[in-house]
Amino acid sequence: MASANVLLLPEPGSGHLMSLIEAGKRLLAHGGDGLTVTVLIVRPATPESASEVDSHVRRVAASASGLGIRFHHLPAVDPPTDCAGNLQEFKSRYMQLHAPHVRVAVAELGAAALVIDFFATAVIDVAHEFAVPTYVYFTSTAALLALTLRLPALAVDSDASDDGAVEVPGMPPVPAGSVPGFLGDKESPNYAWFVYHGRRFMDADGIIINTVDALEPGLLAAIAGGQCVPGRRAPPLYPIGPVIDHAVEASNEPCVRWLDAQPRASVVFLCFGSLGWFDRAKAHEVAAGLERSGHRFLWTLRGPPAAGSRHPTDANLDELLPEGFLERTEGRGLVWPTRAPQKEILAHAAVGCFVTHCGWNSTLESMWHGVPLVPWPLYAEQHLNAFELVSVVGVAVAMEVDRERDNFVEAAELERALRRVMCGGSEEEGAMAREKAMKMKAACRRAVEEGGSSHAALQRLRHAIRSGTTTCNGAAPPKETTS
């Protein structure tokens, strides 16, 4: 019997690309007989990002863990040049421009199913032309999914309260300060595109989401129960997370060797993702907070991007840090001025908490290893993630992050949060976060084992793909972005 070819269409950002490829590996492993996976590679808009994508594809293709995943490079397209810094609009339009090439790929390669990144919902119509079942792959939280599904109704009849809080089914009201910035302005093209995506999610044959039943039970139940879209149930949900590479390899990096000499659960780890960087003012506040806290720390500090780039540079510590800071903290702290092996660090027994931007992949890695968090959100949906992790999941100790000052955190606020999460049993809030983080570690690991919730969801997904049923509806993209 011929194998069923599943086409994956990731958005080329590293967090989206790597997550969907990892999901493809899960689809092929342990019960994936009769399936093949082909990843449709979208060429990123900048040479720097293109080089990063090429490097990752080569690693997966050469790796035994790649399970024979195939790669098909789509022809390059000219990126939109009139998005004026609206990142969500740019991503959505850039993926939309690839629709003709996806149509050719489906015709040439054949497809039992098409799994698309949530920024690529304009491509759903291509799959419907061929009567190919389409699944949205949602790389973020059930909280953002619920809000996005709710958004078309909110756009015409706001449920926002007088203080700007937004009602999201399955969780407490989201304060205005925790609503993602790209959803804060109804006149923004970013908002219009997310309204469009929220509508198109309902046209999919299923939504695959990188979360765990035990992590977001109320939100997943609200989505599945039809509480997000008036009068309609969402497509079938497949929570298959945590979709991360669980393998931890031995690292010879000096920062990991430094951890080897530290006591168990004694080190504060600070790291802010592939796009997180600090200027001198923020770095000085962090340094002061760390020094006054008295705790050991490993701080991944990155400097501002070069002109024309979004990616941080290696930090110049002499320029960014207060005079004498390194000398005063020598022995109990290490500032690492370049990219760090985050996964290996979070797996290390010496790490006691994680000060993080709350990117979802980083958060799931922290949960997998049972490390409590101190959220410092910087961009995208991270403020919503931070609110959920503190107020719903309970694995984090909150800090006051000033969005009006470019997400500034005062030294005293960082010191306070670190003392609460790190000080043994003396702070109830910190003790609860540590205890809940360990419970989530166990829940995440149970979920992916045979008989676990994510394992079962993956089995349901394979069955649905093999059965090949589809629904064919449509919606027009935002008018101002059509060509």
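This is a predicted model: local features need pLDDT of at least 70, side-chain atom pairs count only at pLDDT 80 or more; totals for chains, interfaces and linings use all residues.
Residues are numbered from 1 along each chain as its sequence is written, and side-chain values use heavy atoms, with hydrogens and water left out.

**Nonpolar cores**

- A nonpolar core is a set of buried Ala, Val, Leu, Ile, Met, Phe, Trp, Tyr and Cys residues joined through side-chain atoms within 4.5 Å; buried means under 20% relative accessible area, exposed over 50%, and partly exposed in between (1.4 Å probe, protein chains only).
- The largest core has 57 residues, and Leu114 is one of those with the most contacts inside it, together with Leu9, Val102, Leu145, Leu149 and Ile223.
- Helix H6 (residues 142–156) gives this core its largest share, 9 residues.
- Another core, of 33 residues, lies apart from it and includes Ala350, Ala386, Ala396 and Ala447.
- In soluble globular proteins, nonpolar side chains tend to be buried together.

**The seven-strand sheet**

- Helices (H or I, at least four residues) and strands (E, at least two) are DSSP runs, numbered from the N terminus, and two strands pair if DSSP finds at least two bridges between them.
- Here 7 strands make an open sheet with parallel pairing, in the order E3-E2-E1-E4-E5-E6-E7.
- Strand E3 (70–73) and strand E7 (237–239) are at the edges with a single partner strand each, so one side of each has no neighbour in the sheet.
- Neighbouring strands are turned by 25° against each other on average, direction ignored; axes are lines fitted to C-alpha atoms, for helices over the stretch in contact, and angles run from 0 to 180 degrees between N-to-C directions.
- Strand E2 (residues 35–41) runs parallel to E3, and 4 bridges join the two.
- Look for Leu40, which stands opposite His72 in E3.
- Helix H1 (residues 14–28) packs on this sheet, and its direction makes about 170° with that of E2.

**The five-strand sheet**

- Another open sheet has 5 strands in the order E12-E9-E8-E13-E14, again with parallel pairing.
- Its edges are strand E12 (333–336) and strand E14 (373–375); each has a single partner strand, so one side of each is left without a neighbour in the sheet.
- The twist averages 15° from one strand to the next.
- E8 and strand E13 (residues 351–356) run parallel and are joined by 5 bridges, with Thr356 in E13 as the bridge partner of Cys271.

**Helix H17**

- H17 (residues 428–448) has 21 residues and reaches 31 Å from its first C-alpha to its last, close to the 30 Å expected (1.5 Å times one less than the number of residues).
- Its buried residues are Gly430, Ala433, Ala437, Met440, Ala443, Cys444 and Ala447.
- Seen down the axis of H17, these fall within an arc of 140° (from the directions from the helix axis to the C-beta atoms), so they line one face of the helix.
- On the other side of H17, Glu428 and Arg446 are exposed.

**An exposed loop residue**

- Ala261 is in the loop between helix H9 (254–260) and strand E8 (267–271), and it counts as exposed because its relative accessibility is 63%.

How values were computed: Contact means heavy atoms within 4.5 Å.
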